[in-house]
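What follows is a walk through one protein model, from the packing around a single side chain out to the chain as a whole.

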Amino acid sequence: MQRILFVGRNGGHLTPTTFSKFTQRQALFNTLEAIKSYELEQYTVSLLLKIIEENGWASDIDLVEGGHITILFTEKEAKNKRKDFDMARQAQLNLDGVEWLSKEEVEQVLVLASHLSSLIQPAHYQEYGAPYPGFREPGYNVWPLKLVTKLYQHAQARAGKYASLSLHTRTPSVTNRGSISCSRVVHATNAYASHLLPFLAGPDGIIPTRGQVMATRASVGTDQIKIPSWSGNEGFVYWFPRPVTHDTEKPLIIIGGGRDTAAPSYELYVDDDSETHPLVGKALREFLPPVFEGKYDPNSEPEMEWTGIMGYTKMGDPFVGPVADLLVANPNKDLYKKQYIAAGYASHGMTRAFGCADVIAQMIFAEISDKEWKEPDWLPQRYLTWNRRIE
């Protein structure tokens, strides 16, 4: 029996990026690599949605399909996003579902009813109430821990007699539960990868970066808040309403980000998730009330506030593949044979991690079966460890 050690953690917006940063990626890499950046996220989200639908998990994991709206606060930001969109369209990237919204449309968005629902409720206006332009794209949100739990239970039920799957929590690399022996290791600890792979510490590896989140209650109901997820302030702030159990309930808003207020460090190289940053907390508390006037109480305190550590890389992309391939010139590279890594998602783990895990699983299966691994069409070449060598 093959034994593989997996260690990892997870994060809530399930919205694949459609075109943002396309111009930058095209200039840094090439058009095909830029396109694959978005195809990977589309693949990841589509695969997760397929699994969720086939197993009837939607209500169990609080899946919400509300779309995602990006608010553009400045002319410069709007101009840059338009350029990204135009360049992506010229490259024939799939932009289905992207809709540009004027300031007036964000304040009052026309919702076209489906054929069946139009018999009950015709086309009507949703008043989001934010006096800024933006764009809307397909998007979802979930309760991540519930999704990961379902995936684990699903895999465990199908392990069969040829494999065993068990979960060990709160287990350090040096453990009092005995020695760990396995034929292969997958490093999936994201920001903490350098704990077992010390050469990944520093700017050329994976940079731990503290992200801050809070749960705050809206002052009005879902009839006014609606259900889309949102982002703004050049992506530094992002939020979505949790599902409600009855019509009169005021939704809980999960809002995160605000690292720009911690400049110049931006919380980079911070791996302590036991504390919150006061300036970031202040920014998150003060963000929603002026953007959605009358819908959030500026004097209310969040019901919960916490931090988590993200894994950033200087390229903004994860490391995926055999660990030894990162160390071509390192005399210790043989120590890392049959070890793999999928980590460094740069805050986009929800739309990257599952797809990258699929790649690693196929690599291991090909090795075990003594077969050639076939690279997926949607995988960026620059993610692969043999193209990301660290001296």
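Contact here means heavy atoms within 4.5 Å. The model is predicted, so local features need pLDDT of at least 70, side-chain atom pairs count only at pLDDT 80 or more, and totals for chains, interfaces and linings use all residues. Residues are numbered from 1 along each chain as its sequence is written, and side-chain values use heavy atoms, with hydrogens and water left out.

Leaving aside residues up to four places away in sequence, Trp 230 touches His 13, His 68, Ile 69, Ile 71, Val 106, Tyr 128, Val 237, Tyr 238, Trp 239 and Phe 292.

A nonpolar core is a set of buried Ala, Val, Leu, Ile, Met, Phe, Trp, Tyr and Cys residues joined through side-chain atoms within 4.5 Å; buried means under 20% relative accessible area with a 1.4 Å probe, protein chains only. The largest such core has 23 residues, of which Trp 230, Trp 239, Ile 255, Leu 288 and Phe 292 touch the most other members. At least two residues each come from β4 (68–71), β13 (237–241), β14 (252–257) and α7 (278–291), with α7 giving the largest share, five residues. Another core, of 17 residues, lies apart from it and includes Val 320, Trp 373, Leu 379 and Leu 384.

Across the protein chain, 45% of the 391 residues count as buried. The chain holds eight helices and 17 strands, which are DSSP runs (helices H or I, at least four residues; strands E, at least two) numbered from the N terminus. Along its principal axes, the C-alpha trace spans about 60 × 45 × 45 Å.

Conventions: Buried < 20%, exposed > 50% of the residue type's maximum accessible area, 1.4 Å probe, protein only.
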